[in-house]
Amino acid sequence: MGNGSDNIEGRLDIHIRLVDGAITDVAIQSSRPLLTPRIFTGKSVEHLLTTLPLLYSICGTAQANAAVTACEQALGIAQEPICTKARSHLVSLETAKEHLWRVLLDWPDLLGLSPEATGVGETMQLIKRYRLACYPNERPFFPGVHPAAGFDGSAAGLIVELETLLEQRFFGMPAAEWLALGSYDALLQWADQVDTPAAAMLQFVQTKEWNSLGAASIASLPNQSHGFYDQQLDDVEADQFIAAPQIDGCCFETSPFTRVQDHPLVAAVCAIDGAGLFTRQLARLVELAGIPSYLRNTEEPVQTDDPNKQLSEGVGIAQIEAARGRLIHRVVMDNELITRYQILAPTEWNFHPSGVVVESLKVLNADSIDQLKQQAAFLINAIDPCVGYELHIEPR
Amino acid sequence: MCLAIPGKVVALDEATDMATVSVGNVKKDVSIALVEDVNLGDYLLIHVGYALNKISEEEAANTLKMFEEAGLTEADV
């Protein structure tokens, strides 16, 4: 391995094999460094929580939230609802930033348009200000550190700013109004009338008749107990589970689509097109549009059963919904030092060698190699790996 | 689990909002459209062609040290 950044990040190699123009096989090979968390063995919680967001800064907020949640469990510190709420807000804003990145940077690139970096940059600055409003001490993800009293009030203006940004750069109307469009026809009408990258993408997919492109039936990752993941990650084959997770021999999807598939607009489109390209692009927009109202909800999260009941002393498990899907951390501690640290990321479910991306690519039916490359690029972006990838089309 | 890589800015093109960053012995061109006030010698966290944010020299050194501990970089980075 060299020392270039591509090698550090690793990448996915996606091979599509063809015979007489028909896809016969799809294979994914990953060189992602999945065992990096081992460097935290023997380190303190303070070290972990200080350095982990630097390592994983693209999804650093979700990673930090998962880390502090797992550590608090292992240390027997109850997470107070006000901390859960403030931290969840910051993760939700990171998800908004990732969706903005896809729509304002990636989608124009796929469509041959100019990227709109300004909107992403503005959101990143807004997130910094929101984080400061919640945690003036800049330590949101450390055990027992509380957010500023009444942070909802001081952050209210920032939520309005986010709504304005979404209205101007995405929906051409208030996001809540857009969410209430109610039907496939109303959505298509909106896409025809609005001049934003979001509308341009849906219109492009509709014009190409790619709505159901790549529709595959992989089940959503079910809710599993902390005890289940503790067992899987304590197993001698834990590294294999982290690299290619399955449950009872089955693959599952965890993504923005699986989170919002019951939203009326997504459900209406999915009923017609299945979980294809259009539904997936729409799901991203629906989740993004719902984030301001989520942030404005003043209720504190209801404390569920104590997760420690299922775990041995010194063990902590966190399950956090990150931008790309469910992120799982497990920590084992002894005498306040970490003896084992593991991370199971959503990309490993979705880009599993038999997972949703492979199944989606297998059902593509393009007229040419160039079109196949384009379709694959759209689909892969819709499910969204968190590393770069190389697409190999291999006709025989 | 998406690693972000620290790189040192060795060249800037303000007209195109691009910078050349040095990561170990490798140089990469990245967009700095998402980060304000980037100067030569700054350290940036980069990911798939974009700079995400500025970090201190100390943070960059610590991050590279962690990559080294994880066996992801050569010792001379």
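This is a predicted model: local features need pLDDT of at least 70, side-chain atom pairs count only at pLDDT 80 or more; totals for chains, interfaces and linings use all residues.
Colleague: Is I343(A) buried or exposed?
Modeller: UniProt, in an unreviewed entry, lists I343(A) for "binding site"; such positions follow the numbering used here, feature names are shortened, and annotations may be inferred rather than shown by experiment. The residue I343(A) lies in strand β5 (residues 337–344) of chain A, where strands (E, at least two residues) and helices (H or I, at least four) are DSSP runs numbered from the N terminus. A residue is called buried if 20 or more other C-beta atoms lie within 10 Å of its own, exposed if 12 or fewer do, and partly exposed in between, with C-beta atoms placed from the backbone. Because 25 other C-beta atoms lie within 10 Å of I343(A), this residue is buried.

Colleague: Where in chain A is C386(A) found?
Modeller: The unreviewed UniProt entry also lists C386(A) for "binding site". With 25 other C-beta atoms within 10 Å, C386(A) is therefore buried. In chain A, C386(A) is found between α17 (369–383) and β6 (389–395), in the loop.

Colleague: How are α4(A) and α5(A) oriented to each other, roughly parallel or roughly antiparallel?
Modeller: Helix α4 (residues 81–111) and helix α5 (residues 117–134) of chain A have axes 9 Å apart and pack at an angle of about 175°; axes are lines fitted to C-alpha atoms, for helices over the stretch in contact, and angles run from 0 to 180 degrees between N-to-C directions. Angles under 35 degrees count as roughly parallel, over 145 as roughly antiparallel, 65 to 115 as roughly perpendicular, and the rest as oblique. The pair α4(A) and α5(A) is therefore roughly antiparallel.

Colleague: How many residues of the contact of α4(A) with α5(A) are nonpolar?
Modeller: The contact includes L93(A), L100(A) and W101(A) of α4(A) and V120(A), M124(A) and I127(A) of α5(A), two residues being in contact if their C-beta atoms, placed from the backbone, lie within 7 Å. Ala, Val, Leu, Ile, Met, Phe, Trp, Tyr, Cys and Pro count as nonpolar, Asp, Glu, Lys and Arg as charged, and the others, Gly among them, as polar. Beside three polar and two charged residues, the nonpolar ones number 14.

Colleague: Which residues of α17(A) meet α4(A)?
Modeller: The helices α4(A) and α17(A) have axes 11 Å apart and pack at an angle of about 175°, and they are therefore roughly antiparallel to each other. From α4(A), R102(A), D106(A) and L110(A) take part, and from α17(A) they meet A377(A), F378(A) and N381(A).

Colleague: Which element gives the largest share of the side of chain A that touches chain B?
Modeller: In this interface 27 residues of chain A are in contact with 31 residues of chain B. On the side of chain A, the elements giving two or more residues are α1 (5–9), α2 (45–55) and α5. The residues of that side divide into 16 nonpolar, nine polar and two charged. The largest share, four residues, comes from α5(A).

Colleague: What is the phi of D20(A)?
Modeller: Most residues other than glycine have a negative phi. The residue D20(A) lies in the loop between β1 (12–19) and β2 (22–30) of chain A, and with 7 other C-beta atoms within 10 Å it is exposed. Although D20(A) is not a glycine, its phi is positive, about 50°.

Colleague: How far apart in space are H15(A) and V26(A), C-alpha to C-alpha?
Modeller: The residue H15(A) is found in strand β1 of chain A, and it counts as partly exposed because it has 15 C-beta neighbours inside 10 Å. Leaving aside neighbours within four places in sequence, H15(A) is in contact with V26(A), A27(A), H392(A) and E394(A). Although H15(A) and V26(A) are eleven residues apart in sequence, their C-alpha distance is 5.6 Å.

Definitions and conventions
Residues are numbered from 1 along each chain as its sequence is written. Chains are lettered from A and ligands numbered from 1 in the order in which they are written.
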